[in-house]
Amino acid sequence: MTRRKLAAGNWKMNGLKAALAEAKTLAAEHPAPNCDVLLCPPATLVAAMAAALEGTAVKTGGQDCHAAASGAHTGDVSAEMLADAGAAAVIVGHSERRADHGEDDAAVAAKAMAAWRAGLVAVICVGETEAQRDAGETLTVIGDQIAGSIPPGATAENTVVAYEPVWAIGAGRTPTLPQIAEVHDFMRDELVKKMAEAAEGVRLLYGGSVKPGNAAEIFAVSNVDGGLVGGASLKAADFGGIVAAAGA
Ligand code: PGA
């Protein structure tokens, strides 16, 4: 089955209002008719980015959400708030959230359900640490994260799964292409066990040091349906190259 590729950018805790110009340049210079494009700025910029990108093919997303729709959770942002601000999707379970905020699989699953409740696509992240890979535990870890972080109710429309080896994020190094293929093929099999035929439509993104120079070869790997890009999504010139590879 052919799945439309997705180039998703995660700005992390980067970007002031002036950075919206990069998003506008990206939308103008890389119309990307053959793939989907998503930019996830910090929460402070979601509304302004969604407004700036209105009428373009580039969608806006959040980087995290609380599981509840509203309530006494100082500093948190709900999926409903992101949707209200113009977001179409939200990343949940990024390894930086898992590590910095102690989010476990159950918390990530609750956030994914919150995303669906608000009408957002959940971009659910999984990935092993370097120590886990060295110990030969990669597939066990990914299998457990898929089992625990993707709730029942996932569909090809409401869910994207991102494989992001923790040791490749922001590191300038990536797994070999066969290593990426091994994990992505495994993830597809695990999803088929969970979701039956619907699993075939779920997009599986690779993330971790995707750059314009390696995007094309990574996106050509078995069961890789695009990328989740951190550092190289901040500048339209870099992300544009990755979008071009996704749309090729
Ligand atoms: P990176 O980050 O592209 O800067 O390695 C990827 C991510 O954490 O989503």
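So, the nonpolar core: the largest one has 65 residues, and Met 187, Leu 191, Phe 219 and Phe 239 have the most contacts inside it. By core I mean buried Ala, Val, Leu, Ile, Met, Phe, Trp, Tyr and Cys residues joined through side-chain atoms within 4.5 Å, with buried being under 20% relative accessible area, 1.4 Å probe, protein chains only. Helix α8, residues 177-195, gives the largest share of this core, seven residues; helices here are DSSP runs of H or I, at least four residues, numbered from the N terminus.

Quick caveat: this is a predicted model, where local features need pLDDT of at least 70, side-chain atom pairs count only at 80 or more, and totals for chains, interfaces and linings use all residues. Numbering starts from 1 along each chain as its sequence is written, and side-chain values use heavy atoms, with hydrogens and water left out.

There's also a second, separate core of 12 residues, including Ile 91 and Cys 125.

Okay, the ligand. There are 13 residues around it, and Lys 12, His 94, Glu 164, Gly 170 and Ser 209 come nearest; around means a heavy atom within 4 Å. Glu 164 puts a polar side-chain atom 2.6 Å from a ligand oxygen, and a polar backbone atom of Gly 170 is 2.6 Å from a ligand oxygen too. On its own the ligand exposes 280 Å², and the protein buries 97% of that, by Shrake-Rupley with a 1.4 Å probe.

Last bit, disulfides, meaning cysteine sulfurs within 2.5 Å: the whole structure has zero. For Cys 35, the nearest cysteine sulfur, on Cys 40, is 14 Å away.

Note on methods. Buried < 20%, exposed > 50% of the residue type's maximum accessible area, 1.4 Å probe, protein only. Helix = DSSP H or I, 4+ residues; strand = E, 2+ residues; numbered from the N terminus. Polar contact = N/O pair within 3.5 Å; in protein donor to acceptor, adjacent residues only side chain to side chain.
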